[in-house]
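Hi everyone, thanks for coming.

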Amino acid sequence: MINFIIIGICVVMFILSKIFPQMYLYFALYPNMAFSMPWQLITSIFMHATITHLLLNMFVLFFFGTYLERLIGAKKYILVFLISGIVGNLAYILYCHITGSYLPSVGSSGAIFGVMGALAILHPRLKVVIFPIPVPISIRVAVGLFALIDLILLPYSFKTGIAHISHLAGLITGLIFGEVLKKDVRNLNNKRKGKLRLKKFKFKKNR
């Protein structure tokens, strides 16, 4: 599955970056250099700053990414992941130019928010548990809470050390993907149900 490959790339990139710290100079996203080094828009998605940063993102990606890939297929999933991450990075560059602060950025969060946004549209009844809420809530409610937190903290991004604008931009991209893919997923589910009914019919007939 492509999601496991993405997780593997992130882990390998993290290990290599700790062995060769200069990797951050070429593969992290530098807002004032991104257009002269455009590959940073993609490579920074697979880079992480700390082990905690990596583990948290990969934990979330493992559950939500695996679920979404099964729902829409590998090709569409990689599009959701990459485009959400790239849009999140572009939004961060714009935010940096507006605010005049050009701190480098790394991480899959924008892409992961895109994955969650797509799931919120395609499977809104999916239940998730988020700390410190002790009961399962729908992914739509969870996504709404995350978006609200990012909106509140957006003016303090450089104090929190989190690119909240990337989260929001990735989420919006994922929501758009969800709307675009809704019909495809519905048709795919109908085909699967049709095949299941056909198999049951054949089974009964053979007996």
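Let me start with E179, which has 45% relative accessibility and so counts as partly exposed, where partly exposed is the range between buried, under 20% relative accessible area, and exposed, over 50%, with a 1.4 Å probe and protein chains only. K182 is partly exposed too, with a relative accessible area of 28%.

Before I go on, a word on where this comes from: it is a predicted model, in which local features need pLDDT of at least 70 and side-chain atom pairs count only at pLDDT 80 or more, while totals for chains, interfaces and linings use all residues. Residues are numbered from 1 along each chain as its sequence is written, and side-chain values use heavy atoms, with hydrogens and water left out.

Back to our two residues. What does E179 form with K182? The answer is a salt bridge, with the closest N and O atoms 3.3 Å apart. By salt bridge I mean a side-chain nitrogen of Lys or Arg within 4 Å of a carboxyl oxygen of Asp or Glu. Side chains of opposite charge can pair when their charged atoms come close. Both E179 and K182 sit in helix α9, residues 164-206, and they are 3 residues apart, about one turn of the helix. Helices here are DSSP runs of H or I with at least four residues, numbered from the N terminus. The count under this rule is 1 salt bridge.

Now for the rings. How many aromatic pairs does a search of the whole structure find? It finds 7. One of them is F62 with F63: the ring centres are 5.1 Å apart and the planes are at 85 degrees, so this pair is edge-to-face. The rule is that rings of Phe, Tyr and Trp (its six-membered ring) pair if their centres lie within 6.5 Å, and planes under 30 degrees apart are stacked, over 60 edge-to-face, and the rest tilted. F62 is partly exposed at 38%, and F63 is partly exposed at 47%. Another pair is Y77 and F81, which is tilted, at 6.4 Å centre to centre and 35 degrees between the planes. These two are 4 residues apart in helix α5, residues 74-99, about one helical turn. Are they buried or exposed? Both Y77 and F81 are buried. There is also an aromatic cluster, formed by F4, F59, F62 and F63.

Last, the cysteines. C10 is buried, at 0% relative accessible area, and C96 is buried, also at 0%. The whole-structure search finds 0 disulfides, a disulfide being a pair of cysteine sulfur atoms within 2.5 Å.
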